[in-house]
Amino acid sequence: MGYILGISAYYHDSAACLLKDAEIIAAAQEERFSRIKNDESFPTEAIKFCLKFANISLAEVDHVVFYEKPFLKFERLLETYVHFAPRGLKSFLKAMPIWLKDKLFIKKNIAKALHCIDPNWEKSRTILFTDHHHAHAASAFYPSPFDEAVVLTIDGVGEWATTTVSIGNMAQLTLKKEINFPNSLGLLYSAFTYYLGFEVNSDEYKVMGLASYGTPVYKQLIYDHLIDVKADGSFLLNMDYFDYCTGLKMTHKKFDKLFGHPARAKGDELLPFHKDMASSIQKVTEEIMIKLTQSLYREFAIDNLCIAGGVALNCIINSAIRQHSGFKQIWVQPAAGDAGGALGAAYSVYYTHLSGLRNVDLQTDAMKQSLLGPSYTQKEVIAALHVYNLNYEKVAHDVYYRKIAAYLADGKVIAYFKGRTEFGPRALGSRSILADPRNAEMKAILNAKIKFRESFRPFAPAILAEFADLYFSKGSKNRYMLFTENYLGNADKVPDTVSIPGAVHVDGTARVQAVNKSHHPDFHQLITAFYNLTGCPAVINTSLNVMNEPMASGPEDAIRCFLNTEIDILAIEGLLIDKKRLAFEELSLPGYYQ
Amino acid sequence: MDTLIEFFHFLTQRKKYWLWPLFIILLLLGIVLVAAHGSVLAPFIYSLF
């Protein structure tokens, strides 16, 4: 049936994905190329990469699909304004020109952009559109290792839907029910994100991290005033407290009055109140998701659950669902946000539009460890190092990982760059900053000197899969850092000599990545070398970037991150660069320590 | 123009006839607004897009 190009764009975190029949050939987010975090612009560079990787031209792509339906979204917009009129005039006056000038014409804009990429691509060719939540559902079910599953999608909002439930059975994906805008668990969480002074649709994970420092003292207030939760986990929001339907902000002044504080301004001190608020909304969201999934398990009596949508990136909630819902197996799409919509839209074309047959590998998923982005040869890396005039040490493969392990054991922080980049928000050992988790101080060092980010933010361990269950409850099940697990480091079976306090959050949990030899051989080899040297089978693994910057993609991104932070070593495609050995002239390059 | 006609067909298919007059008014207003603004920048409104 040929090639299918899926595109997500114009809203948040644009991306492209190329399928050849049911096989994922390549996928990438535009932000990795443009270097603009959560870049929403048309993913020109991501598309070019996908085509280059497959060695085809755009004209050879058989189907192009966009991940949502703009007309349906515009319909929602119009109806919302009518419903709330005369409120929302200001918002209306700001939004309409954008829609009438640009967003309503997305099909034409896509055709034009594709024609720019390849003039042989005719503008008159058909572009397909799929529902936003159908794209999420397809991204959750089709690459999963399940032949049958309940599929839950949950995010801020797509066209109308904010939550959907579908049943996946082989190639069939059937919508069963949905909750529509403005009732949205994702927007409720985002409203608190806004109230706590973080960026909406970007910093929700910070609220999740902050939640562990507080207590959910406002939980009942939220239930009493903001949300009405039914027995089956469905919900209605009290819109008196929110402003996102018609205003230019997420919360209404009644919201401030209810909690007795104004919204925190960005950069203001985080008070115990803010921590308690984060804890409260985290707890409420968790309880609703448990209720919802328990009800789905009872209703459909299917053992497998697939999840996607932005809320699925809340790994604490995922773990709570796994523990309490009743489902025996849960699979979460690693690119659960809108970028994954490009993948889901492409899958949807193959299975729904083209009636493709589905062969399921029940042992493993079809995501290829989510390493779907570009890779770079050593020659290309050397060329980039020459641009920055950096000396490097070329190391034989068998010695390479032993040297990196020795650096780690010596307390050094490593920028590690190997193979294809990750698709989705998590660094999984291809574009990672690595450090020794045995050192409890490492969290503070990394936050302050390397990531330049808030001190409350945790770091995650990447652990050899064969040791994962020894260190963490159900640790070995986590390939994509999508669940948090309880750290068993205080148990008798884990000697103190190899405990990993640097990778455990303040609440005694960690967002574990279990590294399997067959799925991720290079990264497994690296951690094995560290284990052989120290007896510790884990390393701290965090994304190779600094705060508010997208994860590194190409060698120059990694080099800049290395030079602009206090990272000690750059380990990049078999080459080692030790900052201490760099000559003074090299350290004086523009951009260093700026 | 094709897109606008397509949108009218879309509303018809969805049986949202009552949105027709609203859309026409919006369209006229939109033309004025676009002409007045020259260029448009996306404001921070989460749900609109």
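When two helices pack together, each one is given an axis, a line fitted to its C-alpha atoms over the stretch in contact, and the angle between two such axes runs from 0 to 180 degrees between their N-to-C directions. Keep that idea at hand as we walk through this predicted model.

Let's start with the overall layout. The domain assignment divides chain A into domain 1 (3-139 + 343-368), domain 2 (180-332) and domain 3 (378-587). The C-alpha centres of domain 2 and domain 3 of chain A are 31 Å apart. Their contact draws on 12 residues from domain 2 of chain A and 14 residues from domain 3 of chain A. On the domain 2 side, the elements giving two or more residues are α8 (204-211) and α12 (315-324) of chain A. Of these, α12(A) gives the most, with five residues. Sorted by class, that side of domain 2 has six nonpolar, four polar and two charged residues.

UniProt, in an unreviewed entry, lists residues 4-346 of chain A as "domain: Carbamoyltransferase".

Now let's look at some helices. Helix α14 (residues 378-387) of chain A packs against helix α19 (residues 555-564) of chain A at an angle of about 45°, and their axes are 9 Å apart. From α14(A), the contact uses A:E380, A:V381, A:A384 and A:L385, while α19(A) brings A:P555, A:E556 and A:I559. By class, this contact has five nonpolar, no polar and two charged residues.

Helix α15 (residues 397-409) of chain A and helix α18 (residues 521-534) of chain A pack at an angle of about 55°, with 8 Å between their axes. That angle makes α15(A) oblique to α18(A). The crossing of α15(A) and α18(A) is right-handed. Here A:Y401, A:R402, A:I404, A:A405, A:A406, A:L408 and A:A409 of α15(A) meet A:Q525, A:L526, A:A529, A:F530, A:L533 and A:T534 of α18(A). By class, the contact of α15(A) with α18(A) has 10 nonpolar, two polar and one charged residues.

Terms used:
Residues numbered from 1 in each chain as written. Chains lettered and ligands numbered in written order. Predicted model: local features only at pLDDT ≥ 70, side-chain atom pairs only at ≥ 80, totals over all residues. UniProt positions renumbered as here; feature names shortened; annotations may be inferred. Helix = DSSP H or I, 4+ residues; strand = E, 2+ residues; numbered from the N terminus. Contact = placed C-beta atoms within 7 Å. Nonpolar A, V, L, I, M, F, W, Y, C, P; charged D, E, K, R; others polar. Domains from an automatic or database assignment. Parallel < 35°, antiparallel > 145°, perpendicular 65-115°, else oblique. Left-handed = near helix turned anticlockwise from the far one by under 90°.
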